[in-house]
Structure formats: C-alpha cells, structure tokens
Amino acid sequence: MRKNDTQIAEEARTFRIGPIRPPSEANSLLVQVTNGCTWNKCKFCQLYRHTKFKAYSADSIKADIDNMVYQAERVRKYIGPDGRWDMQGLNAEMNACDEEDGQCFYMVANWLYKGGENVFLQDGNTTALSGGRLSDVLIYLRKAFPSIKRITSYGRAQNLAKVSPEEFAELKEAGLDRIHSGYETGSDAVLEKINKGVTAREEIIAGKNVKAGGIKLSVYFMPGVGGKELTVENALGTSHVINEVNPDFVRIRTAAVKPGTELYDDFLAGTMMICSDDEKLMEIRTIIEKADNIDSYLASDHIINLLQDIEGNMITDGKHMLDMIDSYLDMPAEDKKMYQAARRMAKVNRLSDMERLPRNVKAQIRNMAASVSDPYQWEIEMNHLISRYI
C-alpha cells in the first residue's frame with residue numbers, strides 16, 4: 001500500500017522545505033503549504049517551470065508542524081537553564097544526522113537560536129489555499145509554537161484580488177501578519193510583455209483589500225524589467241500603483257535577463273533591450289520622486305541591487321534617497337563603470353567601499369572596464385554577472 005505525504009513525514013520526523021524565501025525571512029522557520037506556483041508563466045522566471053502546482057492538505061501540513069515541534073524538543077536539550085547554548089553537543093547531534101534530518105534539525109536550531117519568532121509560508125502562492133484551510137493551519141501553527149510573533153506568506157496579486165477585505169481580516173485573526181507579492185511593475189504594457197498574467201487594476205484591488213483586512217503588504221518592483229523600450233512606462237505605471245495602494249514595503253529587485261528564460265529569448269531575438277544601470281536607477285528615482293504622501297518603506301535588500309543602501313521611508317527619507325541616487329548619477333562614467341563591476345563581482349557593498357579595495361583588485365576591475373568600450377555590450381556583461389544571483 002502506497003504511503004501518503006503525512007505518513008512519510010511522521011515516520012522520518014522530517015518536514016518539507018521549499019526552494020525560496022525573501023531575504024527578509026532569512027531567520028524564519030519555513031513551513032511549506034504549497035508546492036510551486038499557480039501561474040508559472042512569467043517570462044523572467046524558471047524556478048517552478050518544471051514543477052506542477054500542489055496545495056498540501058491541512059493534515060499533511062500539520063504533520064510537518066508536529067515534526068518541527070519534535071525537532072525543537074531535540075534542539076532545546078542543548079539550551080541550559082541560564083539560556084546558554086551547548087554548541088558542542090548541538091553540533092555533534094547535527095553531524096550524526098542523515099542529510100534530510102540534518103537539514104530539518106539545523107533549520108529549527110537556527111530559528112530558535114535567532115529567537116524563534118518569525119515564520120514564512122512557502123511556496124510561490126500560498127494564499128491559493130482556501131481561506132478555511134489556511135486559517136486552520138495558522139491556528140495550529142501558533143498553538144504549536146506560542147513564541148511566534150509574525151507569520152508571512154507569498155501571494156500572487158491575481159489571487160489576492162479575488163479575496164475580500166473581510167476574508168483577509170479572518171486570516172489576520174487566525175495569525176497571518178504579512179503578505180509578500182511580486183507585482184514587478186505597475187505598467188500594463190510591461191505586465192503583458194513579461195506575461196505576468198495580472199493587470200495594474202488587479203494589483204491595486206489586491207493591495208487595497210490586503211491592507212483593509214489588517215495584513216501588512218510587501219510588494220516587489222523590478223527596475224529594468226520592461227527593457228529600454230518601456231523604461232518610462234515601467235517607472236510611471238509602478239509609481240501609480242504604489243501611490244494607490246500605499247504598501248507597507250516596496251522591495252527593489254533589479255531585473256536580470258537570465259539565460260534559460262523566455263525574457264532572455266526576447267533579448268536574443270532583439271525584441272527586448274537590456275536597460276543600463278543608470279536607467280534602472282532613474283526608474284527607482286521616479287517612484288521616490290512621485291510618491292504622493294505615502295509612507296511606504298523602500299527596501300533594497302538584495303545583492304542584485306546596485307545601490308543597496310538606498311532605503312527608507314518614502315516621506316521622511318525621500319530626499320536623502322534621491323540625493324544618493326543623484327550623487328551616483330553625477331559620477332564620471334569611468335568611476336560608475338568601476339563601481340558597477342566591483343558591485344556585480346561582489347567586491348563591494350556600497351560606494352564608500354571602493355576606497356578600501358586593494359590596488360591589485362582595482363587594477364583588475366579597471367582592465368575589465370577598459371576592455372569593453374561599447375556601452376550596450378557593457379550592460380550585457382553586467383547583466384551576465386547579476387544573473388548568477390537569481
């Protein structure tokens with residue numbers, strides 16, 4: 001007789017772990033409630049392309065949570081009455097685990113070591129679960145781990161737009177605190193170009209409903225995803241959607257045209273031209289400049305962003321962020337190329353780090369910059385470098 005997901009998880013005392021989570025959830029416990037993405041047709045993404053979407057049963061998810069509790073009990077044996085950790089004993093038990101058990105043991109140990117407060121629900125669109133099933137899981141999860149302070153999930157705008165504020169309020173009551181949604185752009189022309197399968201109007205409805213239900217909203221914007229031909233539309237359309245929704249967070253994810261995606265095929269066919277870093281920054285600048293009395297927090301929390309320290313409240317920090325962008329844009333072309341290469345090669349985190357680069361590294365970067373004289377070829381080279389990080 002074939003065993004189901006629940007039986008297998010209970011015997012192994014392990015649990016499923018999905019492939020991705022936002023950088024802001026690096027220290028969160030990962031609970032997989034769905035597998036894959038309901039849409040799975042975006043031209044810039046291949047992550048779930050060969051994965052059939054599946055929503056797990058409430059019993060299956062609860063079995064995973066029970067096994068997380070079991071792993072937590074194993075870990076807590078190495079926490080003394082004074083709160084000190086027996087790291088030697090912890091590491092010895094982890095090293096004795098097989099690979100799958102070790103991954104689960106390590107995740108729970110790291111989560112508890114970092115406070116055991118935040119949880120992220122995986123995969124790409126967990127709000128595709130029926131509201132009743134998701135609420136049931138949320139309540140069970142919070143009872144299993146009373147220390148939880150925040151539960152977060154991904155949610156696709158097209159699905160979110162079909163959920164009423166009252167239904168979001170019920171999810172909030174059950175324990176869902178924040179939803180991350182990959183809007184990518186607020187331009188209908190760009191949404192169509194990247195085959196996002198959603199409209200700007202749906203994004204606005206989704207965002208307003210989420211916030212009206214009391215759940216915090218974090219949306220993602222991809223500067224450059226529309227290419228040179230739609231860079232203005234990408235900025236203005238996104239600015240409009242953000243102003244209408246006033247999300248709690250606007251997270252920047254600089255577009256990279258990655259080999260193996262349909263967007264890369266468009267690039268090879270000449271129907272999509274890669275934006276320069278300056279053009280991508282101008283898109284971000286437009287969003288900040290046109291922010292209409294919204295208090296969204298702009299977060300640049302990913303290595304693919306050129307100026308990762310551009311972040312802050314749109315109202316109180318807007319001028320400072322604009323000044324930082326303008327300072328970069330006013331730099332000599334050679335200095336900008338040097339920084340772009342150093343940043344894309346993960347040699348620096350911010351502009352000020354350039355001063356501390358060893359001479360030999362600076363010479364290597366300078367030679368690289370000098371070897372590519374054509375501006376568009378340079379953007380292709382930079383795109384190739386950042387594609388490694390996604």
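Visitor: Under what relative accessible area does a residue count as buried, and is Cys37 buried or exposed?
Guide: Buried means under 20% relative accessible area. In this predicted model, Cys37 has a relative accessibility of 18%. That value falls under the cut-off, so Cys37 counts as buried.

Visitor: How many disulfides does the structure hold?
Guide: A disulfide needs two cysteine sulfur atoms within 2.5 Å. Cys37 is in no disulfide, as the nearest cysteine sulfur, that of Cys42, is 6.4 Å away. For Cys45 the closest cysteine sulfur is also in Cys42, at 6.5 Å, which is too far for a bond. The number of disulfides in the structure is zero.

Visitor: What is the bridge partner of Asn118 in S5?
Guide: S4 spans residues 118-122, and four of its five residues are buried. S4 and S5 run parallel and are joined by four bridges. In S5, the partner of Asn118 is Arg150.

Visitor: What is the relative accessible area of Ser153?
Guide: Ser153 is placed in strand S5, residues 150-154. Beyond its neighbours within four places in sequence, Ser153 is in contact with residues including Phe120, Leu121, Arg178 and His180. Ser153 is buried, and its relative accessible area is 0%.

Visitor: How far apart in space are Ser153 and Thr199?
Guide: In sequence, Ser153 and Thr199 are 46 residues apart. From C-alpha to C-alpha, the distance in space is 21 Å.

Visitor: With which side chain does the side chain of Glu184 make a polar contact?
Guide: Glu184 lies in strand S6, residues 178-184, and counts as buried at 8% relative accessibility. Its contacts beyond four places in sequence include Phe44, Ile194, Tyr220 and Asn234. The polar contact, at 3.0 Å, is with the side chain of Lys196.

Visitor: Is the aromatic pair of Trp85 and Tyr113 stacked or edge-to-face?
Guide: The count of aromatic pairs comes to six. In the pair of Trp85 and Tyr113, the ring centres are 5.2 Å apart and the planes are at 80°. Trp85 lies in the loop between helices H2 and H3 and Tyr113 in helix H4, so the pair ties together parts that are 28 residues apart in sequence. Planes over 60 degrees apart set the class, so the pair is edge-to-face.

Visitor: How many residues apart are Trp111 and Phe145?
Guide: The ring centres of Trp111 and Phe145 are 5.1 Å apart with planes at 90°, so this pair is edge-to-face. Both Trp111 and Phe145 are buried. Trp111 is in helix H4 and Phe145 in the loop between helix H5 and S5, and the separation is 34 residues.

Visitor: Over which ring does the charged end of Arg16 sit?
Guide: The charged end of Arg13 sits over the ring of Tyr70, 4.3 Å from its centre. For Arg16 the distance to the ring centre is 3.7 Å, and the ring belongs to Tyr56.

Key
Residues are numbered from 1 along each chain as its sequence is written. This is a predicted model: local features need pLDDT of at least 70, side-chain atom pairs count only at pLDDT 80 or more; totals for chains, interfaces and linings use all residues. Side-chain values use heavy atoms; hydrogens and water are left out. Helices (H or I, at least four residues) and strands (E, at least two) are DSSP runs, numbered from the N terminus. Buried means under 20% relative accessible area, exposed over 50%, partly exposed in between (1.4 Å probe, protein chains only). Contact means heavy atoms within 4.5 Å. Two strands pair if DSSP finds at least two bridges between them. A polar contact is a pair of N or O atoms within 3.5 Å; within protein, one must be able to donate a hydrogen and the other to accept it, and residues adjacent in sequence count only if both atoms are side-chain atoms. Rings of Phe, Tyr and Trp (its six-membered ring) pair if their centres lie within 6.5 Å; planes under 30 degrees apart count as stacked, over 60 as edge-to-face and the rest as tilted. A charge sits over a ring if NZ of Lys or CZ of Arg is within 6 Å of the ring centre and within 35 degrees of the ring normal.
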